[in-house]
Amino acid sequence: MQDLLYFSQQLINGLTIGSAYALIAIGYTMVYGIIGMINFAHGEIYMIGAYTALIAITGLTALGIAWLPLVLVVALVCAILVSSSMGWAVERVAYRPVRGRHRLIPLISAIGMSIFLQNYMHLAQGSRNVGFPILIEGGFNFGSDGAFQMSLSYMQITIFVTTLICMTVLSTFISRSRTGRACRAVSQDLGMANLLGIDTNRIISATFIIGAALAAVAGLLLGMYYGSVDPLFGFIAGLKAFTAAVLGGIGSIPGAMLGGLILGIAESMTSGYLSGEYKDVISFSLLILILLFKPTGLLGKPEVEKI
Amino acid sequence: MQNNVKKLVTAIAASVALLGAGAAVAEIKVGIAGPMTGPVAQYGDMQFSGARMAIERINAAGGVMGENLVAVEYDDVCDPKQAVTVANALVNDGVKYVVGHLCSSSTQPASDIYEDEGILMITPASTSPGITARGYELVFRTIGLDSMQGPVAGGYLASLNPKKVAVIHDKQQYGEGIATAVRDTLKDAGVEIAMFEGITAGGKDFSSLVTKLKQAQVDYVYYGGYHPELGLILRQARQADLDAVFMGPEGVGNKDINTIAGEAAEGLLVTLPPAFDEKEENKDLVAAFADKDQDPSGPFVLTSYAAVQLVAEGIEKAGSKDPFEVAAALRANSFETPIGTVQYDKAGDMKSFEFIVYEWHSDGSKTPVSN
Amino acid sequence: MATSNVRHALFCAIVTIVISYPILGLNLEAEGINIVLTGTDATTIVAIACAALIVFLFQLFRDSVMGKLGAVSDLNPLTGRKPMEQDKRAKLESWVLTGLVVVALFWPFFSSRGAVDLATLVLIYVILALGLNVVVGLAGLLDLGYVAFYAVGAYTFALLSQYYGISFWMALPLGALLAGLFGLLLGFPVLRLRGDYLAIVTLGFGEIIRILLNNWTNVTGGPNGIGGIPDPTLFGMEFGRRVKEEGNTSFHETFGIAYSGEHKVIFLYLIALVLAIITALIIRRLMKMPVGRAWEALREDEIAARSLGLSRTAVKLSAFTIGAFFAGFAGTIFASKQGFISPESFVFLESAIILAIVVLGGMGSQIGVILAAIAVTILPELAREFSEYRMLIFGAAMVLMMIWRPQGLVPMRRLHITLKTQE
């Protein structure tokens, strides 16, 4: 019983982190699906979302507004607004001019952008870790007193529910709306979509904006869940999310969700049953193994090499 | 901006000093090497403000053997590579006494060069035992060692008769060093160590670790490392209803931990050097810092002050500016400094450096724990 | 046309404000135990407003501005200039290079210790960048974990000297070979991956190596690193004040000159210089050999190259291994220069800096890479006030280079052979 509770607790921990990874992974997977590049700066967009949310929350507190739903909604809107604008601007400035050139060129441009954004935040807000106020506290406890108690906090529930809502909305959007259909068309064949009268530039911009908005949601949620932000924490989270995207099959949205959850669980089980020191080693090794043996990921379509 | 102005002023001061070198008043250069930029620049600020203040006050009191001290400042960004560059630049500039560096991993490679080139170094902040363990003649420090702080913390924990203790560290030189010392002390005292494990420095998600601590049913957790990670651990532990008392070294004992952990910081135990700035005999000095709108309570401000003072008094005692004779004088005598009476052993460590256990509160204040 | 232009320009200006004001204009600061929001000074606000205005005007007159810019480059006298004849250029180049080497050989004797030490660091970066240039510039494989091989070289020397007392000269080839071996072992499975996947896998590998070095405390000392790494000796002569190893003599006693710490620094510099020259020459030679041509062929068009009978794996593997080999070289020198190494020196940022050097210098171009290594290492030293902005500028420079000049500051020019027409 004890062990089962312990296992379930680690499972919950993993699922929480995993669903947030999935939100970030969407941004990688959609961009890759459409223009075939790794948006290295996506982790930084997530970090910027978290910072903006914190700035909004602190600002509201200073104004004396403390009604929780309002605070959360305003923080969410601010984070999405700033992150999406940043995502749009990054695509415009750093990726559009180099689109269609040799594969390495957009990638190096993206790495440059990632370094730039990290240091932009570092210079603007300093390098210190800034704490998030605790907004959602408490939760359910399972198990008898005196022994190991499994806890499921309201914060964790919030993360699950929000992720679920975001994913449902996104899938409906992609499958039903006009823009969503255009997105799918562009990811199938960019040139052909262009010929058929789809404004591909607009669709690519839309992809970046959607990805950035979801990253901002993840930024707010994880910022509150972890408790602090610093300018460097986007980079490693970005790498993890990218791993999740690859794991699930890059280009596939359900794949990103699945990959995120698997990665989250793998990480929490590693720290739970082995040692936290090797958490990152495990996720990187997982990435390398997947890329070596099943580069298309779990739910990805095999990519045909075009000659 | 202000920083730049400061740098400009010191640069001008330094060049004026160089121009005046040929003039009647000879000058003694004291190098101050530490991080002015980079992620740990806030600790570097403590070091520089302490050392500058000491130089100013010593000069105002007539200098050393009739000569003025001049600060020559260097930025090593706490990067071992840049520290070596800085050390060579110091040799170049003919500096014979250095107050620095801050990070142990910078101090260690730099001290090789200083020892080779006959430069006296006093580090106000590096706590790694390895630095003074190499039989060097010219390497000193004005701060305690990880191996001194660990036993204090471990001893205190053992005296509380804990059932099970977990020892966690951040896999950095400082954190792991102290954590190892704590573990060894606890083991010798016969306390059961439930786990000894590292985390990733800079990590954010400690929910698995907290769950593990809960499962192990520990009643005390020692954390070796700095405040950003411990702040998060405390916060996440509180969210998960982990009922254990945490303890950490001086690296966690600053107000930033309250901004992260909030209420969860209440009851945290911290080993700190005694609050030098609250001592009666340092009243003047604290007032002088207040005049300049600087805060003397940081852990490295007064140790840096003391380091400069030791250089000055060492020269006086030796009656010579030769670093080897000054080193001998430092070992032979005892000195009254703002951080207490300093006496050196052969290795260059202080014979006694006191650590006190404090209880930390959620409003950022601390109270000493009677033992 | 005009209205849509104005709307677009307005939109861009608003976006500029949205992405800069909340971050630059509102600062989170700790006040006691609370985080408070403080507005920034007027200068920043004015700067943000100016930036928005500039973006607005630029977008509004984008077409005419771009047209003007295009016209300006026509005026550039260099564009119309015919490239120098090849044999003439080669001759000039070899004279310039010889001159540079001679200056580099004698310069340290007249210079200060700090400058020589900095120059040694520059040379280490030159070796690293030349090595990475083979992988990224010539073979077109983006390696983001290059620092791992650098670490292997440095740790090989440190560990061998600590446990077996092996000297610098023994460790130099060993470190390089072991790094090369690591390159071979890693390269073997991963090189069939496509370019961008390869980048991520190498990044992961670099991090794994660093984490393992950090966690394997029993052997590598973990975060404490390894100290007391010996300096190189010259035929058994040591450069320290006192002789550390039995059987060795000291340099200053042998030659009957006064001890000076500068000897050691200059000696290290000369070693680094010679190794950098050797590296440059070997790679130069390789570039002209079939294998070098094969690297470039594979970079330009993998399918065409394979259909011409080139083995993809063998060609890529050779580039990867050679690149790793030189990183090991550089690592050994670095360990000996520092005397102390810890995993801190081998973080991803270091990989990024080396990559930035290669990109700025011009992928594939040796002279460009050497100049970029000098610029990237020395400029922050000269302008300490700007060192905070160093990485910001690096990032921006990488993006801008990719947009405007992906071939780099000094683009690579391939030597070609002209057949003499028979009369």
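This is a predicted model: local features need pLDDT of at least 70, side-chain atom pairs count only at pLDDT 80 or more; totals for chains, interfaces and linings use all residues.
Contact between the two involves seven residues of domain 1 of chain B and seven residues of domain 2 of chain B. On the side of domain 1 of chain B that touches domain 2 of chain B, two residues are nonpolar and five are polar, while no charged residue is found there.

Chain B contains an open sheet of five strands, arranged in the order β2-β1-β3-β4-β5 with parallel pairing. From one strand to the next, the twist averages 25°. Strand β4 (residues 120-123) of chain B runs parallel to β5(B) and is joined to β5(B) by three bridges; across this pair, B:Thr123 stands opposite B:Arg141 in β5(B). The helix α4(B) lies across β3, β4 and β5 of chain B, and runs at about 160° to β4(B).

Several backbone features of chain B fall in loops. Most residues other than glycine have a negative phi, and most peptide bonds are trans. Against this background, the peptide bond from B:Gly100 to B:His101 is cis, with omega near -10°, and B:His101 is placed in the loop between β3 (97-100) and α4 (104-117) of chain B. A positive phi, near 55°, is found at B:Val77, a residue other than glycine, which belongs to the loop between β2 (68-75) and α3 (80-92) of chain B. B:Val77 counts as buried because 24 C-beta neighbours lie inside 10 Å, the cut-off for a buried residue being 20 or more. B:Asn161, which is not a glycine either, has a positive phi of about 50° and is located in the loop between α5 (146-159) and β6 (164-169) of chain B. With 9 C-beta neighbours inside 10 Å, B:Asn161 counts as exposed, since the cut-off for an exposed residue is 12 or fewer.

Chain A holds 11 helices and four strands. The radius of gyration of chain A is 20 Å, close to the 19 Å that the globule rule gives for 307 residues, and chain A is therefore as compact as a globular protein of that length. Along its principal axes, the C-alpha trace of chain A spans about 65 × 50 × 35 Å. Of the 307 residues in chain A, 56% are buried. Among the contacts in chain A with a separation of 6 or more, 75% are accounted for by residues 24 or more positions apart.

Chain A is also in contact with chain C, through 51 residues of chain A and 43 residues of chain C. The elements of chain C that each supply at least two residues to the side touching chain A include the strands β1 (26-31) and β2 (34-39), together with helices such as α1 (2-25), α8 (168-190) and α18 (390-404). The greatest contribution to this side of chain C comes from α9(C), with 11 residues. By residue class, the side of chain C that touches chain A divides into 34 nonpolar, six polar and three charged residues.

Technical notes: Residues are numbered from 1 along each chain as its sequence is written. Chains are lettered from A and ligands numbered from 1 in the order in which they are written. Ala, Val, Leu, Ile, Met, Phe, Trp, Tyr, Cys and Pro count as nonpolar, Asp, Glu, Lys and Arg as charged, and the others, Gly among them, as polar. Two strands pair if DSSP finds at least two bridges between them. Axes are lines fitted to C-alpha atoms, for helices over the stretch in contact, and angles run from 0 to 180 degrees between N-to-C directions. The radius of gyration is taken over C-alpha atoms; the globule rule is 2.2 Å times the number of residues to the power 0.38.
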